[in-house]
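Colleague: I am new to this structure and would like to learn how to read it. Could you take me through some of the features, one at a time?

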Amino acid sequence: MIGYVTLGTNDLQRGAAFYDALFAEMGAKRLWDLGTMIAWGVAMDKPAVVLTQPFDGQSASVGNGMMVALVVKSKDMVDRVYQKAIALGAKDEGPNGPRGEQFYAGYFRDLDGNKLNVFCMG
């Protein structure tokens, strides 16, 4: 149902470097780059994450309560992606680990303050 998620940035090149390295850890790559927005994913017909400068020319800001959840296949991958995000300068919003019996996740904020989590089930 989700085609893509858009995150705002005030520094597209800084954000692009962060997401190039982070998404490479998950096996994703740039799908397209329009100069003011860049999309990452595993294929054009799968959901993507888009980083963009706001269309209205105003400063990007973080939505309170908004979060992007990135699904991966294993706890090891959750650990690797979460640690990569932190190493790239992301802020911890809840360390990687179990949340209940079937949910394993790590939460972080990117360089612009957008909240994400990486998770797996099982």
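Modeller: This is a predicted model. Start with a helix: Asp 76 and Arg 80 both sit in helix H2 (residues 75-87), 4 residues apart, which is about one turn of the helix.

Colleague: What do the side chains of Asp 76 and Arg 80 form?

Modeller: They form a salt bridge, at 3.4 Å from N to O. The general idea is a side-chain nitrogen of Lys or Arg within 4 Å of a carboxyl oxygen of Asp or Glu.

Colleague: Is Asp 76 buried, partly exposed or exposed?

Modeller: Asp 76 has 46% relative accessibility, so it counts as partly exposed. Arg 80 is likewise put down as partly exposed because its relative accessibility is 37%. The cut-offs behind this are under 20% for buried and over 50% for exposed.

Colleague: How many salt bridges does a search of the whole structure find?

Modeller: The search finds 7. One of them joins Arg 14 and Asp 112, whose closest N and O atoms are 3.4 Å apart. This pair links distant parts of the chain, 98 residues apart: Arg 14 belongs to helix H1 (residues 12-25), while Asp 112 is in the loop between strand S7 (103-109) and strand S8 (115-121). Arg 14 is partly exposed, with 36% relative accessibility.

Colleague: Which residues are linked in a network of salt bridges?

Modeller: Asp 20, Arg 30 and Asp 33 are.

Colleague: Now the sheet. How do strands of a sheet pair?

Modeller: They pair through backbone hydrogen bonds, and the pairing is either parallel or antiparallel. Here 4 strands make an open sheet of mixed pairing, in the order S5-S8-S7-S6. Strand S5 (68-71) and S6 are the edge strands, each pairing on one side only. On average, neighbouring strands of this sheet are turned by 20 degrees against each other, direction ignored.

Colleague: In which sense do S7 and S8 pair, parallel or antiparallel?

Modeller: Antiparallel, over 7 bridges. Phe 108 stands opposite Leu 116 in S8.

Colleague: Which side chain meets Glu 93 in a salt bridge?

Modeller: That of Arg 109, at 3.3 Å from N to O. Glu 93 lies in strand S6 (residues 91-98) and Arg 109 in strand S7, so the pair, 16 residues apart, links distant parts of the chain. Glu 93 is partly exposed at 27% relative accessible area, and Arg 109 is partly exposed at 22%.

Colleague: Where does H2 lie relative to the strands?

Modeller: H2 lies across S6, S7 and S8, and runs at about 10 degrees to S7.

Terms used:
Residues are numbered from 1 along each chain as its sequence is written. This is a predicted model: local features need pLDDT of at least 70, side-chain atom pairs count only at pLDDT 80 or more; totals for chains, interfaces and linings use all residues. Side-chain values use heavy atoms; hydrogens and water are left out. Helices (H or I, at least four residues) and strands (E, at least two) are DSSP runs, numbered from the N terminus. Buried means under 20% relative accessible area, exposed over 50%, partly exposed in between (1.4 Å probe, protein chains only). Two strands pair if DSSP finds at least two bridges between them. Axes are lines fitted to C-alpha atoms, for helices over the stretch in contact, and angles run from 0 to 180 degrees between N-to-C directions. Contact means heavy atoms within 4.5 Å.
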